[in-house]
Amino acid sequence: MLEELEERLLASDFGARATFELVGAVGALARRGRIAGTDGVAGALRERILGILAPGAGITLAESAEGPPTVYLVVGVNGTGKTTSVAKLAHLLRAAGRSVLIAAADTYRAGAIHQLEIWAGQVGADFVRGREGGDPAAVAFDAIQAAQARGIDAVLVDTAGRLHTKRGLMEELRKTRRVIARRAPGAPHETLIVLDATVGQNAVAQVSAFHEVLGLTGIVLAKLDSSARGGIVVALMEETGIPVKLVGTGEQVTDLAWFDAGAFVDGIFGEG
């Protein structure tokens, strides 16, 4: 039964570290006679998974201690749904009664900037863009300055997607972060990486690389609805310690939700 469990967890993207910890713990309970049968294993496994996720449970997005604006720097590799996630996050904040300004610091893709501007209009957010091919750090600086002048609560800085293995592009992000910090005390208050839930264990490598450069504070897990291998959530927490804060559940701008560890585990065991 334990061998089968190990295979199932690995196939569901729990990752080696989390899988071996979980199977080892359940096996130890079984050997001591603390659990027996399928129900016992499932119950023990559920408790252990919740234990891994517990440090990140109930964590919400940070707010500026110095007063508005709170600055959210949003990063990720190409094709993760990052720009869409920025629009969804703007909608979530607007629904909570906060004023929002979106900064299109992806200056390389005119189409993405135009789409983000449309979304900003739809959710009732202000919008700042730079010239095509311009300095992303300058866009972030101008956006924060505009938000301060207008008394806006939150600034969402959308950055260009980039491979975490490209040193020059990662250094560009480091510069953007430095400029943000100079313009607003304590900013960025959240540095969020958007991950595609369907990419499996490569997500762990992405988080580790971006965290080394930027000091990530949380994960937005996009496309979780299209992945049956949700164990990546457990692997991310076990191997990086960075919590999943938000999850994308669909294509609409309203399809972004706070991560709920209990509901997530219920879904793994077919109870949700």
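Predicted model: local features only at pLDDT ≥ 70, side-chain atom pairs only at ≥ 80, totals over all residues.
1. Strand β5. This strand covers residues 190-196, and because 7 of its 7 residues are buried, β5 is largely enclosed by the rest of the structure. Both of its faces are covered, with Glu-190, Leu-192, Val-194 and Asp-196 buried on one side and Thr-191, Ile-193 and Leu-195 buried on the other.

2. Strand β6. The strand made of residues 218-222 is likewise described as largely enclosed by the rest of the structure, since 5 of its 5 residues are buried. Gly-218, Val-220 and Ala-222 are buried on one side of β6, while Ile-219 and Leu-221 are buried on the other, so that both faces are covered. β6 pairs with β5 in the parallel sense over 5 bridges, and one of the residue pairs joined in this way is Asp-196 with its bridge partner Ala-222.

3. Val-204 and Ala-235 are 31 residues apart in sequence, yet their C-alpha atoms are 7.5 Å apart in space. Val-204 has a relative accessible area of 8% and is therefore buried, the limit for that term being under 20%. Helix α9 itself (residues 232-240) has 7 of its 9 residues buried, which means that the helix is largely enclosed by the rest of the structure. The buried residues are Ile-232, Val-233, Val-234, Ala-235, Leu-236, Met-237 and Glu-238. After α9 comes Gly-241, whose phi is positive, near 75 degrees.

4. Lys-82. The side chain of Lys-82 reaches the backbone oxygen of Thr-159 at 2.3 Å. With neighbours within four places in sequence left aside, the residues in contact with Lys-82 are Val-74, Val-75, Gly-76, Asp-158, Thr-159, Ala-160, Gly-161 and Val-194.

5. Asp-106. This aspartate is placed in the loop between β2 (100-105) and α5 (110-123), and with a relative accessible area of 3% Asp-106 is buried. Apart from neighbours within four places in sequence, Asp-106 is in contact with Ala-112, Ile-113, Asp-158, Thr-159 and Ala-160. Asp-158, Thr-159 and Ala-160 are also among the residues that Lys-82 contacts.

6. Phe-259. In the loop between β8 (256-258) and α10 (261-268) sits Phe-259, a residue that is buried at a relative accessible area of 18%. Not counting residues up to four places away in sequence, Phe-259 touches Leu-53, Val-233, Val-244, Lys-245, Leu-246, Val-247 and Phe-264. The C-alpha atoms of Phe-259 and Gly-56 are separated by 9.4 Å, although the two residues lie 203 residues apart along the chain. The count of aromatic pairs comes to 1; this pair consists of Phe-259 and Phe-264 and is tilted, at 5.5 Å centre to centre and with 55 degrees between the planes. Both Phe-259 and Phe-264 are buried.

7. Nonpolar cores. The largest nonpolar core holds 63 residues, of which Leu-53, Val-157, Phe-210, Leu-221 and Leu-236 touch the most other members. A second, separate core has 27 residues, including Leu-89, Trp-119, Ala-222 and Leu-256. In general terms, nonpolar side chains tend to be buried together in soluble globular proteins.

Note on methods:
Residues numbered from 1 in each chain as written. Heavy atoms only, no water. Buried < 20%, exposed > 50% of the residue type's maximum accessible area, 1.4 Å probe, protein only. Helix = DSSP H or I, 4+ residues; strand = E, 2+ residues; numbered from the N terminus. Pairing = 2+ DSSP bridges. Polar contact = N/O pair within 3.5 Å; in protein donor to acceptor, adjacent residues only side chain to side chain. Contact = heavy atoms within 4.5 Å. Core = buried A, V, L, I, M, F, W, Y, C linked by side-chain atoms within 4.5 Å. Phe/Tyr/Trp six-rings, centres within 6.5 Å; stacked < 30°, edge-to-face > 60°.
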